[in-house]
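Good morning, and thank you for coming. Please take a moment to look at the sequence and the structure on the screen.

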Amino acid sequence: MKVQLLRQCCDLSVNPDPLDFCERETPVAGLGELLLQVVACGVCHTELDEIEGRTPPPVFPVIPGHQVVGKVVAVGADVSRFQFGDRVGVAWIYSACGRCAFCKGGLENLCPEFRGTGRDADGGYAEYMVVHENFAHPIPEALTDIQTAPLLCAGAIGYRSLQLTGLENGRILGLTGFGGSGHLVLQMVRHRYPDSPVFVFARSVRQQELARELGAAWAGASGEQPPELLDAVIDTTPAWKPVVDALEVLRPGGRLVINAIRKEDRDQEQLLELEYSRHLWMEKEIKSAANVCRSDVREFLEIAAEINMEPLVECYPLAEANRALHDLKVGDVRGAKVLTMVA
Ligand SMILES: [Zn+2]
Ligand SMILES: [Zn+2]
């Protein structure tokens, strides 16, 4: 099978072609596992974090990709939930132990043995992949393959982040960053909290325009003063400064949810800018959204199907994964990037 392989971490500004497009043996479905023929796989900012070493894979080489839409083409022994021909999705959660207190308490995203698809196990930048049936998700009929791919990460973690904000209808939500996740969260908020104005902080004028087109009540640059203070903010940027800026425009008692595995190092010195009186006093809260649970993925897919959520998508052939990553890195993303496989 053809795959895009990451052999080592590297600096993308020095090496613009981090992935090696090559042939590998097609994997075999083991006990309880499914062999999927990959149809589409979303490209996520986390792949940049893996490649540049902010969340490095423990073992090389590895096939990245954790927003996988595939067709079941073989099943291992003891598979009972899926059969040949089923269409399934694989998200960031590749596996969790199922035995620890977190797993038992509905927080498998915090499991110490949590494994991320495409980092701790081979993912979907390939023609085939294997996954345990318990970590494969049925895809509602109403959603197309391409439409579903970005929903599996950006959408699912966006859904988790939105839940973590504790937003109530009518309260003001801010979004810092307006890439793959932001524009899905905006659509979800319009549906679930129709009376909540959404203010978007985005770096480019193009992203700000897109936010307004999709229903944002206000859009501006990070650091700009919004018309009102915010009850909650979801941060999806790779940088630190928007975090500090967001805390400053939170209402008393407001909550900031940070949705990022790591923040890029070059912003490290700006940690110093966090001032207790300006940024935290008055019971402001900061919470991170870590990974996803299977329930996040499944519930979100149902909502997406219900409101026919249409992510803006830009497609690239599997062979051009490096170009997709480059385009993601340089920014000004109009929607989500998806690799498509031609069998
Ligand atoms: Zn992701
Ligand atoms: Zn566990």
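I shall speak about a metal site and then about the nonpolar cores. Please keep in mind that this is a predicted model.

Let us begin with the zinc ion, ligand 2. Which residues coordinate the zinc ion (ligand 2)? They are Cys 97, Cys 100, Cys 103 and Cys 111, each through its SG atom, at 2.3 to 2.4 Å. The angles among the 4 donor atoms run from 105 to 115 degrees, and the site is tetrahedral. For comparison, the ideal angle for four tetrahedral donors is 109.5 degrees. Along the sequence, the spacing of the donor residues reads C-x2-C-x2-C-x7-C. Cys 97 and Cys 111 link distant parts of the chain, 14 residues apart. Cys 97 sits in the loop between strand S6 (93-95) and helix H2 (101-104), whereas Cys 111 sits in the loop between H2 and strand S7 (115-116).

Are these two residues buried or exposed? Buried means under 20% relative accessible area. Cys 97 has a value of 16%, so Cys 97 is buried, and Cys 111, at 5%, is buried too.

I turn now to the cores. The largest nonpolar core holds 93 residues, and those touching the most other members include Tyr 125, Val 131 and Leu 339. Helix H3 (residues 145-165) supplies the largest share, 9 residues. Domain 1 (2-138 + 312-340) and domain 2 (155-288) both contribute residues, so this core lies between them. Beyond its sequence neighbours within four places, Val 131 is in contact with residues including Gly 32, Leu 34 and Tyr 94. Another core, of 15 residues, lies apart from the largest one, and Trp 218 and Leu 247 are among its members.

Definitions and conventions. Residues numbered from 1 in each chain as written. Chains lettered and ligands numbered in written order. Predicted model: local features only at pLDDT ≥ 70, side-chain atom pairs only at ≥ 80, totals over all residues. Heavy atoms only, no water. Donors = N, O, S within 2.8 Å, 3.2 Å for Na, K, Ca; no water. Tetrahedral: all angles 85-135°; square planar, octahedral: opposite > 155°, others 65-115°. Helix = DSSP H or I, 4+ residues; strand = E, 2+ residues; numbered from the N terminus. Buried < 20%, exposed > 50% of the residue type's maximum accessible area, 1.4 Å probe, protein only. Core = buried A, V, L, I, M, F, W, Y, C linked by side-chain atoms within 4.5 Å. Domains from an automatic or database assignment. Contact = heavy atoms within 4.5 Å.
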